[in-house]
Amino acid sequence: MTQMALSPPPVAAEDPRDRGGPAQPMLIVDGIRKYFPIRAGVLNRTVAEVKAVDDISFYVLKGETLGIVGESGCGKSTLARLLMHLVDRDEGHLILDGDLVGEETGVPLDGLRRALQMVFQDSYSSLNPRLPIEQSIAYGPKVQGASSKVAKAQARALMEKVGLKANLFAQRYPHELSGGQKQRVNIARALALDPRLLILDEAVSALDKSVEAQVLNLLEDLKKQLNLTYIFISHDLHVVRYISDRVLVMYLGQVVEIGPVDQIYEDPQHPYTQALLACRLSMDPEERVEAAPLAGDPPNPVNPPSGCRFHTRCPFMEDVCMAKAPGLGDVLRSSADDHLAACHMVHPGSGHSRAPLPVRA
Amino acid sequence: MTDALANSLAAAPVQSAPAARVRSYWGGVWQRLRYDYVTLFCIALIILIVLSAVFAPWLAPFDPYKSSMAHRLRPIGYRQFLLGTDEQGRDMLSRLLYGGRVSLLMGIVPVLLATLVGGMFGVVAGYYGRKVNMGIMRTMDIFFAFPSVLLAVAISGSLGGGITNQMLTLTVVLIPPICRVAETATSQVRNMDFVDAARATGASTTSILFTHVLINVMSPVLVYASTLVSISIILASGLSFLGLGVSPPTADWGLMLSTLRQSIYVQPLVSAIPGVAILVTSIAFNLVSDGLRQAMDVKA
Ligand SMILES: Nc1ncnc2c1ncn2[C@@H]1O[C@H](COP(=O)(O)OP(=O)(O)OP(=O)(O)O)[C@@H](O)[C@H]1O
Ligand code: SF4
Ligand SMILES: [Mg+2]
């Protein structure tokens, strides 16, 4: 059931860890959902819920880089934490290389731990300030049963791999490192369990441009060397375009558009994606786009707008948008070349005046 | 790749040093303490007080319990009585040295016990959050709601006197504040990404607590606990003063202060000596904990 007909993935290198074959997606996310309760009052009762991640489905092919973009607070980090099992999901399934994760029959959590690792957003709190970085990196292998000596050797090898001289850096504490060096340590730590899929949550966002370029190059090199798959989360659209094969656009806990990177950037279908890209271009007056850029703050995810969640800010909003939520289509059954958008304007016969006419059978 | 270049550039100045000489955390703490002369002086003073208490039997010129009706309430420096004598004619210096044993014990042991117990509850409450936190912290709040002196009096009143009961009383009084500090520090650490990174490796909660949480919670808790030593000494003296602690004729600073207070108009200086000892010791402990706090405060 999980096997799907897909176009050949970008890199389909042989990997002894492979179980499902090259066409089996590395990870399938099926209808995942997380509402955070907001508690208040003396009895600490749940008074409302933050719909941080609301019914998200997508897949990542082996060897590809899937970029995830969206405004601050749209649920990108929560999605990453759900995939990592750091936050318990309310609903939905994860299928890792053909095996259901976490359920009684599927891959045990420990297997997921090895296959999936994450580089965290905030490089300030992502490293234990009281541990020398060598120990921070060696911790994972030790937990998984390596002897202290083996784990240390592994940590040193990884430090070299991410471009840090082990002799100089092994005994240093995080506050003695620059932001770029810290992010290299974070990457080394994530690689220590020999993962297949790396989730990078704003991995380069806090770095200045030249260091950012170095770390991006490093990530590209590592991906080839270690046969990795990336989920790359960022709000920087330039970086996402540079590194991604496909892009997923999030708005208020939902996917609004997904497709190959060039199609998303050259022919965005969803007004939200268009606005995001317009914001990016508006730096240059020559290229300023006429479409209204994003106005105002995103609505509160506690009480998202009815119908299409973007309708409060959308220049093309019509009655149907308030009444009915536009679907994205069946993402899991689509091919990697498909370009899907959750907007009534792209769905034939949706009732929106700009929608294409229904195709006659 | 520009990477290698950037890395060798970044490394260049450090490389001239033979090996990576990097201080450990405690090495850094010591480097900062070294030039803090007030703290160093107070540490020396505390060591002196502790040593004098430990070696009291060898240092004391007289038997602290031997009274003499002929030499009651002698002034400071009277003949061989360097600090005078008390209302029963016992040598003040000897009693002060012996009394330090009880007072220091009362200052240090309850704080250590309370740090262990309160720290453990605080870390558990802070790490697990939610219901566990509610259960532990609300219980602590009940104890915390009473003024510490009142609580101490109430507990030791029901337990009865004696050294062990007094230490137990003080421990119970000190657990809630330490627990609160440990809980706050832990819940801060718990939300840091490195704890999630550790969870993502599949580590057990015990391993995470010992490797990642305790090490970060330790210094705020230790610094706070060191401020409690003086409070504990004063509370213990207070209990003895009220007759709820050790009983006469045991030499104890609080008790000495209590029995000498009737003689305050006869020999004011002699009567003040135990008070001065309590004051000096507690100020020394406070200054040391102040210095420790500054020295342990790494800018990460
Ligand atoms: N533990 C939590 N409890 C309650 N609400 C939460 C929790 N974690 C996240 N949220 C809420 O969920 C929403 C999504 O947060 P998330 O951190 O996933 O956003 P993000 O897209 O990563 O934003 P940013 O780009 O700023 O990192 C926010 O409204 C946030 O307030
Ligand atoms: S569905 Fe309507 S409101 Fe939503 S993005 Fe499309 S046009 Fe705008
Ligand atoms: Mg985030």
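How many bridges join strand 1 of chain A to strand 4 of chain A, and do they run parallel or antiparallel? Select residues 27–40 for strand 1 and residues 91–96 for strand 4: 5 bridges join them, and they run antiparallel.

A few ground rules first. This is a predicted model, where local features need pLDDT of at least 70 and side-chain atom pairs count only at pLDDT 80 or more, while totals for chains, interfaces and linings use all residues. Residues are numbered from 1 along each chain as its sequence is written, chains are lettered from A and ligands numbered from 1 in the order in which they are written, and side-chain values use heavy atoms, with hydrogens and water left out. Helices (H or I, at least four residues) and strands (E, at least two) are DSSP runs, numbered from the N terminus. Two strands pair if DSSP finds at least two bridges between them.

**Stop 1**

Pick Ile28(A); opposite stands Ile95(A) in strand 4. Now go from Ile95(A) to its bridge partner in strand 5, Leu100(A). Strand 5 covers residues 99–100 and runs antiparallel to strand 4, with 2 bridges. The hairpin of these two strands has 2 residues between the strands, and Asp97(A) takes a positive phi near 45° there.

Next, select strand 2. It is joined to strand 1 of chain A by 11 bridges, again antiparallel. Find Phe36(A): its bridge partner in strand 2 is Val50(A). Colour the whole open sheet in the order 2-1-4-5. Strand 2 and strand 5 are the edge strands, each pairing on one side only.

**Stop 2: ligand 1**

Select ligand 1 and the residues near it (a heavy atom within 4 Å). The shell has 14 residues, and the closest are Ser72(A), Gly73(A), Lys76(A), Ser77(A) and Thr78(A). By type, the shell has 5 nonpolar, 6 polar and 3 charged residues. Here Ala, Val, Leu, Ile, Met, Phe, Trp, Tyr, Cys and Pro count as nonpolar, Asp, Glu, Lys and Arg as charged, and the others, Gly among them, as polar.

Show distances to the backbone. A backbone N or O atom of Gly73(A) lies 2.7 Å from an oxygen atom of ligand 1. For a polar backbone atom of Gly75(A), the distance to a ligand oxygen is 3.0 Å. For Lys76(A), it is 2.8 Å. Taken alone, ligand 1 exposes 630 Å², and the protein buries 63% of that (Shrake-Rupley method, 1.4 Å probe).

Which elements give two or more residues to this shell? Strand 2 (45–60) and helix 1 (76–83) of chain A do. Helix 1 gives the most, with 3 residues.

**Stop 3: the sheet of 7 strands**

Move to the open sheet with the order 6-7-8-3-9-10-11 in chain A, where pairing is mixed. Strand 6 (116–119) and strand 11 (340–341) stand at the edges with a single partner strand each, so one side of each is left without a neighbour in the sheet.

Select residues 197–201, strand 7: 4 bridges join it to strand 6, and the two run parallel. Met118(A) stands opposite Ile199(A) in strand 7. Finish with helix 6, residues 179–191, which lies across both strands. Helix 6 runs at about 170° to strand 6 of chain A (axes are lines fitted to C-alpha atoms, for helices over the stretch in contact, with angles from 0 to 180 degrees between N-to-C directions). Contact means heavy atoms within 4.5 Å.

Definitions and conventions
Polar contact = N/O pair within 3.5 Å; in protein donor to acceptor, adjacent residues only side chain to side chain.
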